[in-house]
Amino acid sequence: MRQGTIQNKESFLNNIAEKLGRERKTSGVERPSYQKQPQWDIMADYTTDQLVDVLKEQCTAIHTDVRETNIDGLAAVIDNVMKEYGAEKASIWDDPRFVEYGLAPFVERPDVNIWGSAPDEDDIKITEQADVGITFSDYTLAESGTVVLMNGGGKGQSVSLLPTYYIALIPLSTIVPRMSQVNKKIHEEAKAGHRVPSCINFISGPSNSADIELNLVVGVHGPVRACYILIDDR
Amino acid sequence: MPMKIGERSFESRVNKGLDDSYMRETVREAQGRLHTNKAKAEEDLGQWEEWRTLSEEIRSHTLENLDFYLEQLSENVVKNGGHVFFAQTAEEANEYVKEVAAKKEANKIIKSKSMVTEEISMNDALERAGCEVIESDLGEYILQIDDHDPPSHIVAPALHKNKEQIRETFERLKGYDKTSKPEELTQFAREQLRQEFLEADIGITGCNFAVAESGSVALVTNEGNARLATTIPKTQISVMGMERIVPTWEELDVLVSMLCRSAVGQKLTSYVTGLSGPREEGDLDGPEEFHLVIVDNGRSNILGTAFQSALHCIRCAACINVCPIYRHVGGHSYGSIYPGPIGAVLSPLLEGYEDHKDLPYASSLCAACTDACPVKIPLHELLIEHRKVIAEKEKKTSIGERYAMKGFGLAASSPGLFQMAAKTAPYMLSPFSKDGFIEKGPGPLSGWTDVRSFPAPEKERFRDWFKNRKKEDS
């Protein structure tokens, strides 16, 4: 892979060391063993069912619709939500989970664009015109009602962003208490020398803004409405 | 725009703020709501003080080892295929960004909200170089089309404007023909900006936190504009203040948790995005080229001084949202893009006392800011420290105050003079007194008596009263 460039590093960092009143530190810095680590106490002993309850309650706070189903019922639920939203054209990830979760017939529909399948790399344009973007969740945070997307390759970051609506498919096996559990995993990957995905999204509901008189308006630059479909895959 | 806003004096800015009853009402309501939301978020989270202790520990460890972590960050960005430019000054940063824009033959640049690019006047520099620069954060967009009105709050930049003013601006400059409903105004901005995103050659973002261990930039937003700016344009430039860095994703978790709660009372904002370099092979979106500009612009001068903890700031604005002074005078009165308590601490450090010497006095020292700070910056103590520097080293206090202090010093060091002063005070002030109160005080006293009465000195001094009382008792 092509390497990038760095400019002005030495003078810049030497100046910092000088202002801190010591020699440059180029190695041997360890993170302290932090005195307090309250993040690990949160929902530490919760069962999946308890985490689902927390997630569902949080979804009301973040203006996100929730549907619950199992693998057999999933295709019908997606259909219903799309009808309710008035959505016809969909853009989805190129992700084997669609077939694993029984959605092969859905994927083959003509108004469903699989990321990466458009001629002339026109996926951004097609996705921008789609009514709804659909992705699976890679991890799901109960506390904040967040789906975590590890984008890359067939998992285009545009799918969860450009269409008018967004549907996240959430297998219950992806639910963890909060960001701490996911970030620990990413940290371990980085520590092992692996490159982390070039784009990781933590998405909590539809886009919104309170920039006009602090009035919350749902739907700004990203999707204007979001639905989480919880799939019992136990 | 530079950090400093306008040329008017502090006093005239404050008077303008005090006269703006709409702005004062909005700010009061906003403070109330943001404060309530934060309090609820603290309670829901639990163990708030432990979280603060941890956050402070993370920030001070990182700043103490800043050279190490910045080096690690830059090496990892390069490994990911990105470019890093260390900019000592605002000019160096702007030159570099202009160079990238020229190389890419960029006409249109879309920006998501970034305080550091405001601080270094990057938009001006790019516009002078012939680029069209479009702000995409709703608040920033409103300010930009309204003839570059400066921001008045670091999280909600257009807080000083009401929806009617915004409707009028949209109508006058963008041909908007709907009502002043926030929903309709927002929908209009969405439509206007979506096309710009699709056409933009470069996306420029700030950086809430860089992550050293993976060469990542984390962006925290609700609108999704930072995502658009980093998904569609072929080139991405992120600009960060050099202190906005964490060692690993584990610290990122803690500080993002604190930032979202302290800024707006959310558990997480709608979008928290971790970006690590340009797109990888096989990716069909995201930037093909990634540049990270790391800006000093005066920050290193704060390292190793009594003010170092000011660099711990995570720009949540919690201090602004509890400040009684901000409530009354509003953001523009501070004359800096960084208002409120943290602005009063940072502005003189970054731009010098000359333009910002009044700010450390724009505080009642009630310490609400210090209590609100999620990373425990002792803000009110730093304001006192500033006052010390201004009086003792910079000699920038007013002549009247210096003479008064000298006079007091002289009188207080001699019992005879002190007694005489105390005895004569009632007589000196008697022309101004009426029924035991002074309503129109002379000189420095007028600042007080313009708005309320000042009790006139008692004729009988405490020492005399005490002596007489003893006599009566015996």
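## Domains and confidence

Chain B splits into two domains: domain 1 covers 63-300 and domain 2 covers 418-473. Taken over C-alpha atoms, the centres of domain 1 and domain 2 of chain B sit 58 Å apart.

Keep in mind that this is a predicted model. For chain B the mean pLDDT comes out at 92, with 99% of its residues at 70 or more. For the complex, the predictor reports an ipTM of 0.97 and a pTM of 0.92.

## Helix α5 of chain B

Let's start with α5(B), which runs over residues 90-103. Just past the helix, E105(B) adopts a positive phi of about 50 degrees.

Which residues of α5(B) are buried? They are A90(B), E92(B), A93(B), N94(B), Y96(B), V97(B) and A101(B). As for what these buried residues pack against, the list takes in strands β1 (83-87), β2 (108-111), β4 (202-205), β7 (235-241) and β10 (289-295) of chain B, plus helix α7 (122-128) of chain B.

## Where chain B meets chain A

On the chain B side, 85 residues are in contact with 75 residues of chain A. Helix α4 (residues 66-79) of chain B is the top contributor to that side, giving eight residues. Sorted by class, the side of chain B that touches chain A holds 33 nonpolar, 33 polar and 19 charged residues.

There's strand pairing across the two chains as well. Strand β10 (residues 199-203) of chain A and strand β9 (residues 271-275) of chain B run antiparallel and are joined by five bridges. If you want a spot to look at, F202(A) has V272(B) in β9(B) as its bridge partner. As a general point, strands of a sheet pair through backbone hydrogen bonds, either parallel or antiparallel.

## A three-stranded sheet in chain B

Further along chain B, three strands make an open sheet, ordered β11-β12-β13, with antiparallel pairing. Which strands are at the edges? Those are β11 (433-434) and β13 (454-455) of chain B, each of which pairs on one side only.

Strand β12 (residues 437-438) of chain B is linked to β13(B) by two bridges, and the pair runs antiparallel. Within this part of the sheet, F437(B) stands opposite P455(B) of β13(B).

Technical notes: Residues are numbered from 1 along each chain as its sequence is written. Chains are lettered from A and ligands numbered from 1 in the order in which they are written. This is a predicted model: local features need pLDDT of at least 70, side-chain atom pairs count only at pLDDT 80 or more; totals for chains, interfaces and linings use all residues. Helices (H or I, at least four residues) and strands (E, at least two) are DSSP runs, numbered from the N terminus. The expected span of a helix is 1.5 Å times one less than its number of residues. A residue is buried if 20 or more other C-beta atoms lie within 10 Å of its own, exposed if 12 or fewer, and partly exposed in between; C-beta atoms are placed from the backbone. Two residues are in contact if their C-beta atoms, placed from the backbone, lie within 7 Å. Ala, Val, Leu, Ile, Met, Phe, Trp, Tyr, Cys and Pro count as nonpolar, Asp, Glu, Lys and Arg as charged, and the others, Gly among them, as polar. Two strands pair if DSSP finds at least two bridges between them. pLDDT is the predictor's confidence in each residue, from 0 to 100. Domain bounds come from an automatic or database domain assignment.
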